[in-house]
Amino acid sequence: AHSYQAKADQPELVRQALENPIGSPRLRELAAGKNKVVILSSDHTRPVPSKVILPQLVEEYYQVVEELYEQVPLKPGVKKALEEMHRAGVRMAVASSTRAATVEKVLTRLGIRPWFEGVSSCRDGQGKKAGPFVYQEAAKALGAEDPEEVQVFEDAYHAVLSAKKGGFPVTGVYDRFCVVDPETMAAACDRYMNSWEEFRLGDY
């Protein structure tokens, strides 16, 4: 037992600690430039439980993500592929593990938001990309009842498996941050592209 007496409520203590950490840079500085961040928390030696700490840690991390997305460009070949599908009358939606509001901002900044009929995010209470729910929500936005009517394009291996679990045909796209090698990724997909520059609408 200890005799520690907090001078503020628990959420405020966490906010102060995140803004002024002792002997460490802020989490947002530590996370900047990283493609993966693991947060470990224990309740054993601190007066504030993890259930109070973790939401604010995650919130701080996503602020970093949103700042990065303010600068992210389209990958080579993406805009040409989207333009081709848009001109052909292909209905499109976005399924993302990033917050919908952040995705909306990025699509608007890049000038391609009008091409999409909806944005589905597993960060906004719509399941996880570990399951097919986020793709099912995107399909609903397109008015598709049969998953086989919807072609999913994915660059994350776990997301490919989730979409396949939901019955969606998947085209995998190479990404340097993918957790598996291209051969493993390609084997999990119906089609595979080494970049968006290989996209041909006639293949579908």
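Helices here are DSSP runs of H or I with at least four residues, and strands are runs of E with at least two, both numbered from the N terminus. The model is predicted, so local features need pLDDT of at least 70 and side-chain atom pairs count only at pLDDT 80 or more, while totals for chains, interfaces and linings use all residues. Residues are numbered from 1 along each chain as its sequence is written, and side-chain values use heavy atoms, with hydrogens and water left out.

Let's start with Ser162, which sits in helix 7 (residues 157-165). Ser162 is buried at 2% relative accessible area; buried means under 20%, exposed over 50%, and partly exposed in between (1.4 Å probe, protein chains only). A polar atom of the Ser162 side chain lies 3.5 Å from the backbone nitrogen of Gly131.

Now the rings. Rings of Phe, Tyr and Trp (its six-membered ring) pair if their centres lie within 6.5 Å, and planes under 30 degrees apart count as stacked, over 60 as edge-to-face, the rest as tilted. That rule gives six aromatic pairs, including these:

| Pair | Centre to centre | Plane angle | Type |
|---|---|---|---|
| Phe153 and Trp196 | 5.0 Å | 35 degrees | tilted |
| Phe153 and Phe199 | 5.9 Å | 65 degrees | edge-to-face |

Phe153 belongs to strand 3 and Phe199 to the segment after strand 5, so their pair ties together parts 46 residues apart in sequence. Phe153 is partly exposed at 23%, whereas Trp196 is buried at 15% and Phe199 is buried at 4%. Ring pairs link Phe153, Trp196, Phe199 and Tyr204 into a cluster.

How values were computed. A polar contact is a pair of N or O atoms within 3.5 Å; within protein, one must be able to donate a hydrogen and the other to accept it, and residues adjacent in sequence count only if both atoms are side-chain atoms.
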